Amino acid sequence: MAASMLKESGLPSPLLHRTPTSAPQSALNPVHLAFSCQTSPHHLDCCKLYCRSGAIRQLEAKKRSRCKCSKTSLLTNEATTVELPCLPFNPSEVFTPSASKTLHLYEARFLALLDEVLGKYNNLFAHIIVERVVGHSLGLGQEINSFAATYGCLAQVESVRQLEVGALVTIRGIGRVSIVEITQVEPFLKGKASPFQDDIPEDIKGISSMTKKLKQILADVQQLQIKLKGSNFCTDAGHELLEFEGHHLSMLCQTSSSDSLQTPLEKALQWAEKGDQDSSLKLFVPRREERISFAALQPVAGASARELHKLLQERLLAMESTDTLQRLKNVSLFAEESRASIAAKVAIQSLQL
């Protein structure tokens with residue numbers, strides 16, 4: 001999956017303080033886009049495109065203030081790259097196909113992004129992870145901050161609820177995307193995205209068998225979650241504050257009487273089975289087996305901090321992989337661990353009654 005690198009001088013961002021524990025895997029095939037801003041962050045003076053192979057090509061960009069973009073075309077079956085607004089998150093909030101979550105947007109630039117997503121982009125945007133990477137020298141002992149935009153997922157807005165301050169926005173992950181170019185910095189990020197999916201499978205029978213096995217394990221997990229009385233499917237991780245140049249984003253877990261018994265796993269599996277019926281998204285929606293492999297990676301009731309950390313690692317691994325069968329095997333092992341853990345909690349609960 002391609003990745004874009006952003007370099008800005010003099011623009012600290014609390015969200016981007018994390019140093020990656022490891023470099024992106026080769027499957028990501030990162031492309032690094034760097035920009036340096038002088039006098040004003042609203043002006044893009046120069047940019048360079050760096051490829052992992054070492055090839056470098058210079059790009060000249062006209063100085064511009066706030067972008068005045070024309071209405072973008074909707075995704076079509078012929079499209080291979082499309083420009084989308086990009087919403088940045090830290091690595092602990094990697095978003096996967098079939099998953100859903102609710103965002104509280106209340107900072108001006110992200111409310112502007114929401115307006116444009118709803119009005120011009122058919123409710124679509126790119127959910128991207130932004131990480132700090134090793135800085136690059138400008139010469140004369142000067143360095144600039146360096147950030148990489150990775151793990152992109154095409155997200156679709158499913159509902160919006162206005163609040164006194166901002167809005168609660170529920171989104172669904174559609175499919176992985178590669179961010180190949182950053183086209184706008186202010187008032188919010190935009191980039192060109194292309195579909196990123198698994199390789200065409202060779203072992204069809206093996207994939208079918210592993211998918212059936214995984215679904216049975218997940219059915220057990222679902223039943224055990226329901227048995228775990230008093231379970232709150234909104235884990236503590238669901239209330240983690242997300243920062244971007246201040247306290248601008250927070251991810252909230254939203255429940256209501258209508259879906260209080262429907263777990264994130266069940267909702268993800270329902271979407272994975274049917275996919276998205278919008279023909280304009282055809283190239284961006286993964287195959288059924290790939291969707292199910294991602295749907296398995298949802299938080300479960302009563303998960304501990306260690307289990308949530310394991311879930312995060314599995315999601316990162318899954319986002320990098322292009323082998324459907326291998327991912328199905330990996331997530332099956334993860335699901336078996338979840339099943340055993342919840343079964344133990346249910347057993348302890350029954351002894352305490």
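Student: At what angle do helix 2 and helix 3 pack, and how far apart are their axes?

Tutor: In this predicted model, helix 2 passes helix 3 in a left-handed crossing. The contact joins Lys-215, Leu-218, Val-221, Gln-222 and Gln-225 of helix 2 to Leu-265, Glu-266, Leu-269 and Glu-273 of helix 3. The packing angle is about 145°, and the axes are 10 Å apart.

Student: How many nonpolar, polar and charged residues does the contact of helix 2 with helix 3 have?

Tutor: Among the residues that meet are Leu-218 and Val-221 in helix 2, and Leu-265 and Leu-269 in helix 3. Sorted by class, the contact of helix 2 with helix 3 has 4 nonpolar, 2 polar and 3 charged residues.

Student: Which residues of helix 2 and helix 4 make the contact between these two helices?

Tutor: The axes of helix 2 and helix 4 cross at roughly 35° and come within 11 Å. Their crossing is left-handed. On the side of helix 2 the contact is made by Ile-207, Thr-211, Leu-214 and Lys-215, and on the side of helix 4 by Arg-288, Glu-289, Ile-292 and Ser-293.

Student: Are helix 4 and helix 6 roughly parallel or roughly antiparallel to each other?

Tutor: Helix 4 covers residues 288-295 and helix 6 covers residues 324-352, and they pack at an angle of about 25° with their axes 9 Å apart. Angles under 35 degrees count as roughly parallel. Helix 4 and helix 6 are therefore roughly parallel.

Student: Which residues of helix 6 does helix 4 meet?

Tutor: Helix 4 passes helix 6 in a left-handed crossing. From helix 4, the residues taking part are Glu-289, Glu-290, Ser-293 and Phe-294. Their partners in helix 6 are Thr-324, Arg-327, Leu-328 and Val-331.

Student: Why is helix 4 described as largely enclosed by the rest of the structure?

Tutor: The buried residues of helix 4 are Glu-290, Arg-291, Ile-292, Ser-293, Phe-294 and Ala-295. They pack against strand 10 (167-184), helix 2 (204-227), helix 3 (264-274), helix 5 (305-320) and helix 6. Helix 4 is largely enclosed because 6 of its 8 residues are buried.

Student: How far apart in space are Ala-318 and Phe-294, C-alpha to C-alpha?

Tutor: Ala-318 is found in helix 5 and is buried, with a relative accessible area of 3%. Leaving out residues up to four places away in sequence, Ala-318 touches Arg-176, Phe-294, Leu-297 and Arg-327. Ala-318 and Phe-294 are 24 residues apart in sequence, while their C-alpha atoms are separated in space by 7.3 Å.

Student: Is Glu-314 buried or exposed, and what is its relative accessible area?

Tutor: Glu-314 has its place in helix 5. Not counting residues up to four places away in sequence, Glu-314 touches Leu-297, Asn-330 and Phe-334. A residue counts as buried under 20% relative accessible area. Glu-314 is therefore buried, its relative accessible area being 10%.

Student: Does Leu-333 count as buried or exposed?

Tutor: Leu-333 lies in helix 6. Leu-333 is 119 residues from Leu-214 in sequence and 8.9 Å from Leu-214 in space, C-alpha to C-alpha. A residue is exposed over 50% relative accessible area. At 53% relative accessibility, Leu-333 counts as exposed.

Student: Which residues have the most contacts inside the largest nonpolar core?

Tutor: The largest nonpolar core has 54 residues. Apart from it lies another core, of 21 residues, with Leu-84, Ala-149, Leu-154 and Leu-281 among them. Inside the largest nonpolar core, the residues with the most contacts are Leu-87, Ile-171 and Leu-214.

Student: Where does Pro-187 lie?

Tutor: Most peptide bonds are trans. The peptide bond from Glu-186 to Pro-187 is cis, with omega near 0°. Pro-187 lies in the loop between strand 10 and strand 11 (190-195).

Student: What is the phi of Ser-98?

Tutor: Most residues other than glycine have a negative phi. Ser-98 is found in the loop between strand 5 (82-89) and strand 6 (100-105), and Ser-98 is buried, with a relative accessible area of 0%. Although Ser-98 is not a glycine, its phi is positive, at about 85°.

How values were computed: Residues are numbered from 1 along each chain as its sequence is written. This is a predicted model: local features need pLDDT of at least 70, side-chain atom pairs count only at pLDDT 80 or more; totals for chains, interfaces and linings use all residues. Side-chain values use heavy atoms; hydrogens and water are left out. Axes are lines fitted to C-alpha atoms, for helices over the stretch in contact, and angles run from 0 to 180 degrees between N-to-C directions. Helices (H or I, at least four residues) and strands (E, at least two) are DSSP runs, numbered from the N terminus. Angles under 35 degrees count as roughly parallel, over 145 as roughly antiparallel, 65 to 115 as roughly perpendicular and the rest as oblique. A crossing is left-handed if the near helix is turned anticlockwise from the far one by less than a right angle, and right-handed if clockwise. Contact means heavy atoms within 4.5 Å. A nonpolar core is a set of buried Ala, Val, Leu, Ile, Met, Phe, Trp, Tyr and Cys residues joined through side-chain atoms within 4.5 Å. Buried means under 20% relative accessible area, exposed over 50%, partly exposed in between (1.4 Å probe, protein chains only). Ala, Val, Leu, Ile, Met, Phe, Trp, Tyr, Cys and Pro count as nonpolar, Asp, Glu, Lys and Arg as charged, and the others, Gly among them, as polar.
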